Structure formats: structure tokens, C-alpha cells
Amino acid sequence: MHPQSVEYVERLFEAYRSDPSQVSPAWKRYFDDLTHGAHTNGASAKAFRPTFRPASVFNPASGRNGADTATPSDSAQLQDRVDQLVRAYRARGHYSAKLDPLGFKRTDAPDLSLRKFQLSDGDLDRTCSAAEIGGPTTQSLRQIVDRMRKTYCRYIGVQFMHVSDSEARSWLQLRMESTENRIKLSHDQQWRILKRLTEASVFEEFVRKKYVGSKTFSLEGAESLIPLLDLAIDKASQQGVAEVVMGMAHRGRLNVLANIIGKPPLDIFWEFEDSRPDLHYGRGDVKYHLGYSGDWKSATGQKVHLSLCFNPSHLEFVNTVALGRVRAKQDQSGDTERRRGMSILIHGDAAFAGEGVVQETLNLSQLEGYSIGGTLHVIVNNQIGFTTSPTEARSTQYASDIAKMLQIPIFHVNGEHPAAVAQVVDLAMDFRERFRRDVVINMYCYRRWGHNESDEPSFTQPLLYGSIEKRESVREGFLKHLLKWESITREDADRLSQERHEKLEQQIAQARDEDYLPEPQAYAQLWKGFLGGEEPADDEPNTGVKREQAALLLNKLSDTPEDFHLHPKLERLVELRREMARDEKPLDWSAAEALALASLSVDGYPIRISGQDSQRGTFSQRHAVLHDVETGRPYNRFQHLSPNQASFEIVNSPLSEIGVLGFEYGYSLDRPRSLVAWEAQFGDFLNVAQAIVDQFISSAEDKWRRLSGLILLLPHGFEGMGPEHSSARLERFLVMAAEHNMQIMYPSTPAQYFHALRRQTLRKWRKPLVILTPKSLLRHPAVTSTLDEIESGGFQRVIADQETNPAEVERVLLCSGKIYYDLDAYRIKQERRDTAIVRIEQFYPVPEQALEEAMSVYADDTPVYWVQEEPENMGANYFWKARYGPRLLGRFPFGSISRVESASPATGSHASHKREQQELVEEAFER
């Protein structure tokens, strides 16, 4: 496009409108005059679009229309072309960077030649403005091109022009271009990097030779990860970070444990030896899933506490768990500015592009309820996923492209050049600290061996592995660089390697001592006094709240500021709560919940609840946060109960299940004294978060000795809402229930729910709690409780029948939750005094003693039926059959009544639902 054409000027104007700094000073003055004139004439400067005459009729250098014979000055034309060239390097220079250690040629490199921008070799020595690129304000074109190539096209490539924040973009440009994107390493820093590379290389070689054929998921080919982490943590300590929580997959995990986190190598070798199978019957996990915590000392002596999260094979699902842990640590220490804790997440390239939870993780980063002040993401880019090449694994150019959804830079770096790695770490950490945002380092490397050590990668990637076989180690390449500059001697380097090898030999000898037994890491100080294992018989705290206190809290929850304008439809809710406080109305479900949460908060127990629409409640039942109808100002009713109350946070989550549930689970790991709950919009929304339940919530104690008191609130009940809004899939939890790993409840009264929430928080026994919560029962006239039940009651695992004479009972119906009210209504209507209804409020741990007490009043051989709304193959039916068979407690014939076996949970027809429900209830009484 000719620089004097109308199209050319229009393109410059479009650039000016999006960001005036993108055009040269001459053109900026010209466009300023045009748009200012339009604005002063009453037009919108943003909407104004001038009609440009041919270039011969105006002179942009003068900033005004000129005579017909005037043309843009030659210097302005040159400057515009140079500015375009500079912008091209900033935007597309990363395509020409030498990122791949294996040297495979890229086919997508853009044309950054002078000719592309109507420049020639004859222009190289002409002087141009360089005010925006660092260094002298004027430089020759030759100097500018040289600076751009060194900044953006060596071993670092940067994507940052998508960042719309002009301050962040300018900050990045200045930092990179003023230094040519290169860090000057001192002798001590060079030695430190070599030391870290040596530790990484020697460890991998040692393990591979000592445990031939064992899976180690070697870091070889990506050893620069170890100095990268070392430098990042050191930088974090300088920035005031005291705790770092890390999440990572298998690749290099053992190396990170040994050389960064501080796990003794002898403990890792002991796990390889596997000489004590008696300690692991049915429990524990493979060594490359395990986590660890340790203290790390910076170069200046500052201490940072490091925690590497335990990780399942669903590699990226640990991401939000780590973020939740950081948020909890920040909240625990009062770090409201989110500066003393941070997360480092280490990803594989295929997983970062392929697993959707990565997008959910990134989306949480700037949300008020989930932000932690920025995460450092490190992609260990092996350029392969198991046997899958990048062209088969993603539709994007880079594995990191999903991160462009955020206003953050993405640094691509050649992992075979540790000095370049050091530069991007320094830059990334400073960006995170300055702008409180995530940042991504995409470190290109390779995987020297297969996916694991028993894999033969050349079966499917012969060319890739043909190239890898010829590569020397990263350590050796860096050492040669140091030797070239005479900053270190070969003898020093060999001595360093030998010392490390000898230390590992000593460690493996100790690990093979038959008397050696690693000492497991004790629960952190925060967990002192809390219990795991089987449910203790003597851990039943008083969960009641005195009537006077309950009334006071209900009134407090009804108050709003004097200048607050309440929605008219909520005025009745406020008045109803006051009537409940005066004991004129019974408590409904939401009032009981409010009392439980409020009473815990004023007693000093922090509260955190998150979920989709949790502030108002999916069924418009909670209204924890009110909104002024005139100003929109929010008012959290639970934050104004007492001057000394604990924190109360209720968060509307994004439309995410697996990411948010992982976050809340992670949060619960580091705040044992808090009530932490995740609420599904409907119970079956948990379907999308099942991996968090399977791999963390239900099994973490068994695998990793990690306790959690997380509560899952799952609306459940068959009400004609179709297959997707009926069932929380109780059967899945019951299948996973073993070794007292969690609690599963389906309470039927507001008081039961109240006591369940308080008991979960007040007990020393810490297990995840799954509560099937109601939908229609939220406003059912029969689903109420009294203040007396709040004060003197407690959670009942089983509720015995109080409406019949045991001597007259000819059948007993066992049930839970909503179906009880349908059965009871039918019993009353039909005057069936021969049928007792016993409610199972807690499914697991199985309340056998409570059930025996409730059933003790009935004669042997009285028929007992388990009645459920769910189809026969769902719900608790199979769970009870597997536990008791054809006779309940050895005394009663035991059968079941349910909907017929079905592939989906419920019918989509409301009329059909009503008919099914009626037939189900009738069968319970007439079979």
C-alpha cells in the first residue's frame, strides 16, 4: 500500500483511534487537529471519521490541510514506515524467534524485511525517532532493526500486543526494548544456575541407572525448569512473598520435590525400593503423585514456605486446588492485598491446550471472590503429548494461546538457553508484582525419553527422537557457554557434579537400610487437634443456640441501613423473619440456614460459601446480599451482626463447576476452622465436577493423608423438572463411601439442616460433608421447625416415627428427604395407622445404632421397605441391598419400592412425573 494513498491514511487513522501512541508524532498532531475540530463542532470525537482527500492535498507533518501541491514530508513518510516496522516486530517478532531447541524450521515466520515496509538498505543509516523503544531518543534505522531483532527474535518470543491496557503494554515494551530482552548475570548467578542444572541432571541420571525400567517421568530435556523455579521463588521472596503453593503434573515432579521443595532424596529412594508393602494395603499413591512441604531460603537469607500439592493423573485439575489454598492462606493471615502468598502452576503443553479446566482457572484469576494477586504459569513444552504431536493436539498456533483471553503477556523461551530463561523469569515476576495478574512462561524443551521410561517414543515420532538423540544436555550446553567466557572452570563443574552424585549414593544407602522408615509430614499447625480416621463416638458437640440469641440474630438479619431502599417484594421476607424471631411463625429452611451461619460467624468461625447465584439463592430463598433498588448498592446482611464476628464471604461463582469446586476444596485444606461450602445450582451440576470428587474429595485422606471439612450443598428432589434437574446422583457418593471417608446426608427438616451445619464446624472430626438439599421443600408448609428445636435439639441420624402405635404397625417404610412428606400426606389422608415411616437422615457413615434404636419397637418379621423417588438402579437402593440383603438388621424382611430401572434419572413430562409419583406412594402402602 503506497504511503501517500487514502487507504494508507485511513489505516493509520484506525490505528490512531484504537491507541494514539501507535502512530508517529506528526500523524498524531494531524489526527488530533481533525478530531478536536470535529468534537468542538458538537460531533462525537469517537464517532467522527474524516473523509480523506488524496494525499497530495494535505500535509500531515504540518497537522493541517495544505495546498494542492503539498505532499507529506519525506521524514514523516520514513518515520511512519519505521513505526510500522517496529510494531510488526512487537506483534509478530515471536514467530521469528529461535524457540525450538531442536531447531525445526518454522513455516509461519512473517516477512519482517525492510522491503515489506517500503524501506531499503539505503535507509539503514538514516536517523529516526526512537523515543518509545529505549536508549537514545534518535537512532539510525540500522540500530532500531538490530534492537528489535535482539529483543524479539533471539531465544525469547513475546506475545503482548493483545494487551489492551496501554500502561501494561508500555511497561513491557520499555523493560524489554531498553535491555534488548537480556539479563546480565553476575558470576554468582551463573554459578547458581549451573548448580541447579547439575542437581537436576545428576538426579535424573542417578535414578534412571539405579531403578532401570521404573517410571520416573524424567525431566531430561527440560532441566531448565529447576533454575527457573529457583529464580522465580528467589524473586518472589524479594517481593515479600512468604508462601508459595505449587501444582504440577508428573513430568519432573520427583526432581522438583528433591531439588526445590526439599523432600529428602532418601525418602524418594525408599519409595522406589518399596520394601514395606504392609504399610500400604489399600492406601497411599504412586510416588510421582505425592506432594510435600518445605522451607526454602533465598540468596539473601529470606525464608519462603513451599507446598507442592498432591496431584492425580487428571493433570490440570490441581490448578484451582492450588489457587484455593493460596487464597485460604492469605485470608488466614489477613493478607487482603494478596501479596504474601502466590501460586506457581507447572503445566504440560498438551494438557494446557487440551483440558478445559485451564480456561476455568484463568477465568478465576481476576474475579474478586477468587483472585490471589496473580499466578505464575510455567508450560513445560515438550512439543508432544504422550504420542500425540501438536498438530493433532490443538487447533491453535501455540499451546499457550488460551491464555490470550487475559490481559497478560505470554513469554516463549528456548529452554536450552538458561540465561534467556532467567530473563523471562525476572520480567514475568516483576509484571505479576506490578500489575497483580497472572503471567505465562511457555518454555520450549523436549522429552529425552518416552512418556515414561517403559515407553518407546520412536515408534511414532522417529524424526523428533532422531533429533533428540543428538542433543547434549542443557547443563553441558550452559557449561560450554561459561567456559567460553572463562567465568568458571571445567574442574569446578566436575567437582560440583561429583559431590552431588556422592551425596545421592549416601542417601540411597540409607534408604536401603531395613530399619529406615520415613517420618510422614505431620499435619500443619492449623490442623492440630483435628481428627481423621473413623468417626469417634464421643465427638458430638452441643449445636444448639439459645432462643434469645436466635431471635437477636434473626432481627439483626432483618435490619438494613437507614438510607437503604429494599426491593418491595423482599419487605415481606424481612417482616416474616421478625415474626419468626417473635416465635409467631415457625422457621423455614432458609431461616434455619441463616441462623446456623450467623451463629457460627458471631462465635468466631469464618464462613465462605460459593456457587452459581449463591448470594440470592437459585430458588430465590437466601437473599444473603440485598441490592438497593435505587442505587444497586449491595448489602451483605451477614457482615453486620457483631463487631467481633468472623469473616463472612458468600460469592457468586462464574458458570463453572469443576474449577470452582476445586478452588473451594483447596481453600478447605488450609482453613480447618472455617465453614467452607460449595453449592451447586442443581445437584446434577456436580456431574461436571466429578473428577474433583473422585480424585480429591473422596480419596485424599486415603491417598495423601489430607483432611478436609468441605461441604457440598446439592439441591435434590423429583418434582417434574426433567432428567437434568432432579437428581444429585446420591448413588455415586454411596459407591465411593468407604473407611469413613465422607458424610452423606439428606435432612428433612430445617432444624436438622441447622444442626448439621453447626456440627460440621464444631466437631474435631474433619470429613467432607455432602448434603442433599431441597427445592420445593424450601417453602413447603409442613417443612418447618421451632426455636425450641434450634435451642435444645441436635442432629439426628435417624428420625423415628412418632405418629403410630408400634403395636399396630404392620409395615415400616424407610425413606429420606422429600418423599417423606408425600408418604406422610397419603398416610394422613388414608388414615393408615398401620404404617410407620422412619426417616434416614444420614446415609454414611451408616447410622446402624440409630437405626436399630428406631426399629427396636417393632415386632420381628414386620415387613420393611426402602422407598425412594429415584429409579431402582439409582439412589440408595443398591447401597441398602448390598449392606443388608433380604433382611434388615437380621430381623425384618427387607424390600424396596422405587421408580422402575431407567437410563436417565427422570421423565421430562410433568404430567408423567405426577402420575409416577402417585403410583410410587400408593405402592408403598399397598404392596
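Student: What share of the contacts in the chain with a separation of 6 or more comes from residues 24 or more positions apart?

Tutor: A contact means heavy atoms within 4.5 Å, and in this predicted model residues 24 or more positions apart account for 78% of the contacts that have a separation of 6 or more. Residues are numbered from 1 along each chain as its sequence is written, and side-chain values use heavy atoms, with hydrogens and water left out. Because the model is predicted, local features need pLDDT of at least 70 and side-chain atom pairs count only at pLDDT 80 or more, while totals for chains, interfaces and linings use all residues.

Student: How many helices and strands are in the chain?

Tutor: Helices (H or I, at least four residues) and strands (E, at least two) are DSSP runs, numbered from the N terminus, and the chain has 30 helices and 27 strands. Its C-alpha atoms fill a box of roughly 110 × 85 × 50 Å, taken along the principal axes.

Student: Is Val 809 buried or exposed?

Tutor: Buried means under 20% relative accessible area, exposed over 50%, and partly exposed in between, with a 1.4 Å probe and protein chains only. Val 809 has a relative accessible area of 10% and is therefore buried, and buried residues make up 58% of the 927 residues in the chain.

Student: Where does Val 809 lie, and which residues does Val 809 touch, not counting residues up to four places away in sequence?

Tutor: Val 809 is found in the loop between β21 (798-799) and β22 (811-815). With residues up to four places away in sequence not counted, Val 809 touches Thr 804, Asp 834, Ala 836, Tyr 858 and Thr 862.
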